[in-house]
Amino acid sequence: MLKVLACGVQQVRALSSSTASVTRLHRSVYCRSYPTVVVHPDGSTTTIRYHEPRKIIKLPLDLSTLSDVERKARLEARKPRKKVKIMEEVEDNFNAKKYMKYIKKK
């Protein structure tokens with residue numbers, strides 16, 4: 001698009017989404033970027049370019065905005081769970097002499 005002024009001709013660029021999709025990223029150093037999903041604390045997601053190959057980045061939740069019941073539930077979920085040890089006694093009444101008659105001697 002050309003615009004004619006009193007002093008001469010001036011070129012005016014009409015920027016739109018179609019021209020932005022055709023051009024490239026204008027950088028002096030092109031680093032490798034990977035598509036990554038960012039999960040916000042409210043559950044919404046956005047896709048960004050990240051310098052490390054990661055699938056998902058989850059942003060931290062602000063605990064001060066939660067109610068007391070939700071805060072306690074979140075803090076309990078962070079704690080490690082205690083492993084339950086089951087002690088089971090097995091009766092050992094195996095008698096090897098009972099099976100000696102099945103063993104053949106050479």
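## Basis of the model

The structure is a predicted model: local features need pLDDT of at least 70, side-chain atom pairs count only at pLDDT 80 or more, and totals for chains, interfaces and linings use all residues. Residues are numbered from 1 along each chain as its sequence is written, and side-chain values use heavy atoms, with hydrogens and water left out.

## Salt bridges

A search of the whole structure turns up three salt bridges. The term means a side-chain nitrogen of Lys or Arg within 4 Å of a carboxyl oxygen of Asp or Glu. Glu52 and Arg54 form one of them, at 2.9 Å from N to O. Glu52 is partly exposed, at 31% relative accessible area. Arg54 is also partly exposed, at 41%. Here buried means under 20% relative accessible area, exposed means over 50%, and partly exposed lies in between (1.4 Å probe, protein chains only).

Arg71 pairs with Asp68, and their closest N and O atoms are 2.9 Å apart. These two residues sit three apart in helix 2, so about one helical turn separates them. Helices (H or I, at least four residues) and strands (E, at least two) are DSSP runs, numbered from the N terminus. Arg71 is partly exposed at 26%. Asp68 is exposed at 52%. Glu76 and Lys79 make a salt bridge too, at 3.4 Å from N to O. Both Glu76 and Lys79 are exposed.

## Thr36 in strand 3

Thr36 belongs to strand 3, residues 34–39. Its relative accessibility is 1%, so Thr36 counts as buried. A polar atom of the Thr36 side chain lies 3.2 Å from the backbone oxygen of Tyr34.

Neighbours within four places in sequence are left aside for the contacts of Thr36. Contact means heavy atoms within 4.5 Å. The partners of Thr36 include Thr46, Ile48, Tyr50 and Ile57. Glu52 and Arg54 are also among them; these two residues are joined by a salt bridge.

## A nonpolar surface patch

Phe94, Tyr99 and Tyr102 form a nonpolar patch on the surface. Together they have about 410 Å² of accessible area. Accessible areas come from the Shrake-Rupley method with a 1.4 Å probe; for residues, only the protein chains shown count as cover. Patches are made of residues with over 30% relative accessible area and no salt bridge; like charges are joined within 9 Å, and nonpolar side chains (Val, Leu, Ile, Met, Phe, Trp, Tyr) within 5 Å.

Phe94 lies in the segment after helix 2 (68–78). Phe94 counts as exposed because its relative accessibility is 61%.

How values were computed
A polar contact is a pair of N or O atoms within 3.5 Å; within protein, one must be able to donate a hydrogen and the other to accept it, and residues adjacent in sequence count only if both atoms are side-chain atoms.
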